[in-house]
Amino acid sequence: MGPVTDDIGAVPAARTRERTEGAPRPKPGTQTVDRSVAVLRSFEDASRQTPTEIAHRLGLSVSTAHRIVHALQATGMLAQDPATERYFLGPTTAILGRLALERMGATLLQPELTALRDGTGESVSLGVRAGDEVAILLHLPSVHPLRYDQPPGDRNPIHTCAMGKVLLAYGGDPVAMDEPFHRYTPATLTTRGGLEDDLRRVRDRGYALNDEERLVGVRAVAAPVRDGGGRVFAAVALQGPAVRFGDDRLPGLAEAVRAAAGRLTGLHRHLTAP
């Protein structure tokens, strides 16, 4: 059996469409911003693209895609390979991403994440909420050949993953998705009522479980990480194949991730203290 490469899978970038006749007119400037963000996000699951490919992916005209790409290139958000004429994420994007991680304290939390990975032998992820998805900030792969991998930048459906359930259980905003939620496996929660029942269990026990809800054969446990004000701003998770996440081992993994989340909370409060 090959490596498990994705518990919940990258979600394609948000798609924008040309405004159709009769649709509400967007506020001045918002359509350009929305389209520019969509162009940048299209690189989440396509490392190098031409403007024409971007236009087809996002439902834009080719001329609009060219205009946005050239504007983003001028700011360094995109760069172009002169040999292939394809575009990729540029140095400004990399700098801003690194600064965002540092100012959230994420990179300073990495030693604790490494200790959790080394102590359990399983893959570790740190994620934050991004709408109805979970964005992966940091990921440390397991040392086992059969493991769970998801690179930073992946976005996962919030109702299917342990980190998503943590962020929903301790956050103030419910999911905006229409019912039934998308089903990935027979175990996926597809109703608001079923999800709310599970979120109550998360709050009762202090951790969330993804019990093969995105991929058959993959389980995960996650716990909340709080900031200096006590707000849950991130979730930390252990993920791996169900053959190593059996019911006999699951309580120990859950306790390990809860303890690590507590240490991460304390560290983050110390790092962000005035």
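R35 is found in helix α1, and R35 is buried, with a relative accessible area of 9%; buried means under 20% relative accessible area, exposed over 50% and partly exposed in between, using a 1.4 Å probe and protein chains only. Helices (H or I, at least four residues) and strands (E, at least two) are DSSP runs, numbered from the N terminus. This is a predicted model, in which local features need pLDDT of at least 70 and side-chain atom pairs count only at pLDDT 80 or more, while totals for chains, interfaces and linings use all residues. Residues are numbered from 1 along each chain as its sequence is written, and side-chain values use heavy atoms, with hydrogens and water left out.

**The chain as a whole**

- The protein chain has 8 helices and 8 strands.
- Of its 274 residues, 48% count as buried.
- Among contacts in the protein chain with a separation of 6 or more, 59% come from residues 24 or more positions apart; contact means heavy atoms within 4.5 Å.

**Helix α1 against helix α3**

- Two packed helices are described by the angle between their axes and the distance between the axes.
- Helix α1 (residues 30-41) packs with helix α3 (residues 62-74) at an angle of about 80°, and their axes are 10 Å apart; axes are lines fitted to C-alpha atoms, for helices over the stretch in contact, and angles run from 0 to 180 degrees between N-to-C directions.
- That angle makes α1 roughly perpendicular to α3, a label for 65 to 115 degrees, with under 35 counted as roughly parallel, over 145 as roughly antiparallel and the rest as oblique.
- On the α1 side, R35, S36, V39 and L40 meet T64, I68, V69 and L72 of α3.
- The residues of this α1 with α3 contact divide into 5 nonpolar, 2 polar and 1 charged; Ala, Val, Leu, Ile, Met, Phe, Trp, Tyr, Cys and Pro count as nonpolar, Asp, Glu, Lys and Arg as charged, and the others, Gly among them, as polar.
- R35 and I68 are 33 residues apart along the chain, and 7.9 Å separates their C-alpha atoms.

**Helix α6 against helix α7**

- The axes of helix α6 (residues 162-169) and helix α7 (residues 192-205) cross at roughly 85° and come within 9 Å.
- This makes α6 roughly perpendicular to α7.
- From α6, the residues K165, V166, L168 and A169 meet L195, D198, L199, V202 and R203 in α7.
- Sorted by type, the residues of the contact of α6 with α7 are 6 nonpolar, no polar and 3 charged.

**Backbone details to check**

- Most residues other than glycine have a negative phi, and most peptide bonds are trans.
- The peptide bond from E179 to P180 is cis, with omega near -5°, and P180 lies in the loop between α6 and α7.
- E85 is not a glycine, yet E85 has a positive phi of about 65°. You will find E85 in the loop between β1 (78-80) and β2 (87-89), where E85 is exposed, with a relative accessible area of 54%.
- E212, also not a glycine, has a positive phi of about 60°. The loop between β6 (208-211) and β7 (218-226) holds E212, which is partly exposed at a relative accessible area of 25%.

**Charges over rings**

- The charged end of R48 sits over the ring of F88, 4.3 Å from its centre; a charge sits over a ring if NZ of Lys or CZ of Arg is within 6 Å of the ring centre and within 35 degrees of the ring normal.
- R205 has its charged end over the ring of Y207, 4.8 Å from the ring centre.
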